[in-house]
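Here are my notes on the model. Please read them with the structure open.

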Amino acid sequence: INDDRRWWNLTYSFGDDGNSAFIHRLDRLSVGFTTNRTVWRFGRQAISWGNGLMYNPMDVFNPFDPAAVDKEYKTGDDMLYGQFLFANGNDLQAVGIVRRDPLSGDVESDQSSLAVKYHGFIGMNEYDVLVAEHYDDRLLGLGGNLNLGGAVLRGDVTWTDTPRGDTWSAVSSLCYSWVWGGKNISGIVEYYYNGFGQQDGEYWPADLLQNPDLLQRIGRGELFTLGRHYAGLSANVELSPLLIVTPNLFVNLADPSALAQLVMQYDWQQNLLVRAALNLPLGSDGTEYGGIESGTDSRYYSYGASAFFQLAWYF
């Protein structure tokens with residue numbers, strides 16, 4: 001994380017000797033004004049929009065990596081945020097995000113964002129309508145969630161007008177909770193269509209260079225996938241009131257290849273929480289998770305098996 005694109009540079013490093021460095025970053029700094037119906041905030045803050053649970057095409061402001069383990073804290077942006085609450089419970093939100101060109105360092109309109117989202121209710125169901133100008137691209141989005149028996153159907157559809165044409169993306173998920181063997185379980189099945197992804201599944205560097213829209217969004221941290229069609233599977237298993245285990249599977253349906261993940265969360269003590277995860281890529285050479293070809297003989301840009309551990313102290 002750095003502030004190369006952000007309006008204010010609030011990241012400082014010192015003691016850099018080539019092998020190590022101390023880094024301090026201020027990620028929340030804002031002033032606000034609130035009434036019964038309105039909220040105004042100016043400064044560095046975070047916002048999350050959209051209805052995707054694993055993949056989220058409507059959330060373009062520093063979205064989480066689908067495989068991120070810790071999603072408690074989201075990276076902030078320098079913005080003006082406003083919200084108006086209607087008497088019927090619906091609300092209107094608007095954001096203006098100011099950014100700099102990372103090459104020139106100047107504030108540029110084609111690097112900034114202006115977005116408005118309306119959130120409403122139809123009975124017990126909810127819907128969202130998004131209109132935005134994002135990095136000089138027009139963006140429209142429509143989404144919501146629907147009670148379906150004992151399950152919840154969620155989803156979003158977005159349209160982006162880029163200099164290279166119209167691009168559609170979508171996500172849809174089905175969530176259901178049940179009790180099995182005396183254990184509380186909630187499951188998710190999600191389909192994601194990435195309209196910016198490689199249509200033919202070719203991930204050679206030369207092929208990726210022909211898709212600048214994809215590379216720009218990966219570079220900005222808005223997208224985390226190279227292909228077009230994905231499935232996400234997840235189950236949240238409460239083994240005990242203190243221990244939750246979550247197996248996840250992220251599948252590129254076109255390769256096919258996948259990333260398997262096992263996450264554990266243990267409420268160790270009153271103010272201490274332990275998180276751990278194992279990640280295992282699955283796929284043959286030439287696939288997204290197995291390793292894409294680098295252009296040199298027998299060498300691949302690939303994911304590796306990895307482990308994650310975190311001890312969080314709340315005070």
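1. Start with G105. This is a predicted model, and G105 sits in the loop that runs between β6 (91-97) and β7 (113-122).

2. Is G105 buried, exposed or partly exposed? It counts as partly exposed, because its relative accessibility is 33% and that class lies between the cut-offs of 20% and 50%.

3. Next, look at G105 together with R6. The two are 99 residues apart along the chain. Their C-alpha atoms are separated by 9.4 Å.

4. R6 also turns up at the largest pocket. That pocket has a volume of about 670 Å³. Its lining comprises 27 residues, and those closest to the pocket centre are I1, R6, R25, N62 and T75.

5. What is the make-up of the lining of the largest pocket? The residues divide into 11 charged, 10 nonpolar and 6 polar.

6. Now turn to V263. This residue belongs to strand β15, which spans residues 257-269. V263 is buried because its relative accessible area is 13%, and buried means under 20%.

7. Which residues does V263 touch, leaving aside those up to four places away in sequence? The contacts are V69, I244, V245, T246, N248, A276 and A277.

8. One more pair to check is V263 and A307. They are 44 residues apart in sequence. From C-alpha to C-alpha, V263 and A307 are 9.8 Å apart in space.

Terms used
Residues numbered from 1 in each chain as written. Predicted model: local features only at pLDDT ≥ 70, side-chain atom pairs only at ≥ 80, totals over all residues. Heavy atoms only, no water. Helix = DSSP H or I, 4+ residues; strand = E, 2+ residues; numbered from the N terminus. Buried < 20%, exposed > 50% of the residue type's maximum accessible area, 1.4 Å probe, protein only. Contact = heavy atoms within 4.5 Å. 1 Å grid on protein atoms, 1.4 Å probe; cavity = no way out; pocket = protein on both sides within 12 Å on 5 of 7 lines; lining within 4 Å. Points joined across faces, edges and corners; volume = space filled by probe spheres on them. Nonpolar A, V, L, I, M, F, W, Y, C, P; charged D, E, K, R; others polar.
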